[in-house]
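Hi everyone, thanks for having me. Please bring up the structure on your screens, and we'll walk through it together.

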Amino acid sequence: MTEMVYDYGKPGILDEGEIRGYKYIAASYGSHPCAYVQIPKGHPYHGSTCNQIDIDCHGGLVFSGRLYRYPGHFAIERDGYWIGWHYAHAGDFTAYPEITMEGHRYTTQEVLADVAQVVKQLVEAAGKEE
């Protein structure tokens with residue numbers, strides 16, 4: 001595990017692993033952290049869009065799909081179906097070159113605690129549908 005450092009020029013993976021059978025990635029885009037959890041095939045949310053997935057996470061889900069590389073940007077490339085959220089909302093500290101927003105500076109440990117809560121919700125959702 002790597003601690004979150006707010007430095008726009010230093011993006012990277014903070015932690016990657018598995019909780020209760022769900023793969024996750026905690027990442028830093030330098031300006032702010034974000035998190036992704038893979039939804040396995042057969043899960044009721046697999047293939048759903050963000051607004052169709054009933055998950056409570058920081059700021060709400062902002063991503064659903066395959067993780068792939070954006071030209072010219074740091075990105076994580078992984079197969080499978082993933083959901084994601086970030087920590088660059090009002091009240092969150094962000095460090096972009098052109099603007100800095102003051103607020104809470106999330107640590108890697110806080111992001112991982114949120115990941116665990118999302119996984120718990122995904123496990124519960126899978127149990128309700130089976």
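Before we start, one definition: two strands pair if DSSP finds at least two bridges between them. Also keep in mind that this is a predicted model.

So, let's look at the sheet. Five strands form an open sheet here, in the order β1-β2-β3-β5-β4, and the pairing is antiparallel. At the edges you'll find β1, residues 12-19, and β4, residues 63-67, each of which pairs on one side only. From one strand to the next, the twist averages 25°.

β4 runs antiparallel to β5, and four bridges join the two. If you click on Gly 65, you'll see that Trp 82 in β5 stands opposite.

Next, find Gly 60, in the loop between β3 (33-39) and β4. Gly 60 and Gly 84 are 24 residues apart in sequence, and their C-alpha atoms are 8.7 Å apart in space.

My last stop is Asp 92, in the loop between β5 (78-86) and β6 (94-95). Asp 92 is buried, yet it has no salt bridge. The nearest side chain of opposite charge belongs to Arg 105, and that is 11 Å away. What does the side chain of Asp 92 join up with in a polar contact? That would be the side chain of His 58, at 2.7 Å. Further along the chain, Asp 92 also touches other residues, including Met 101, Gly 103 and Tyr 106.

Technical notes
Residues are numbered from 1 along each chain as its sequence is written. This is a predicted model: local features need pLDDT of at least 70, side-chain atom pairs count only at pLDDT 80 or more; totals for chains, interfaces and linings use all residues. Side-chain values use heavy atoms; hydrogens and water are left out. Buried means under 20% relative accessible area, exposed over 50%, partly exposed in between (1.4 Å probe, protein chains only). Lys and Arg count as positive and Asp and Glu as negative; His and the chain ends are not counted. A salt bridge is a side-chain nitrogen of Lys or Arg within 4 Å of a carboxyl oxygen of Asp or Glu. A polar contact is a pair of N or O atoms within 3.5 Å; within protein, one must be able to donate a hydrogen and the other to accept it, and residues adjacent in sequence count only if both atoms are side-chain atoms. Contact means heavy atoms within 4.5 Å. Axes are lines fitted to C-alpha atoms, for helices over the stretch in contact, and angles run from 0 to 180 degrees between N-to-C directions. Lists of a residue's contacts leave out its neighbours within four places in sequence.
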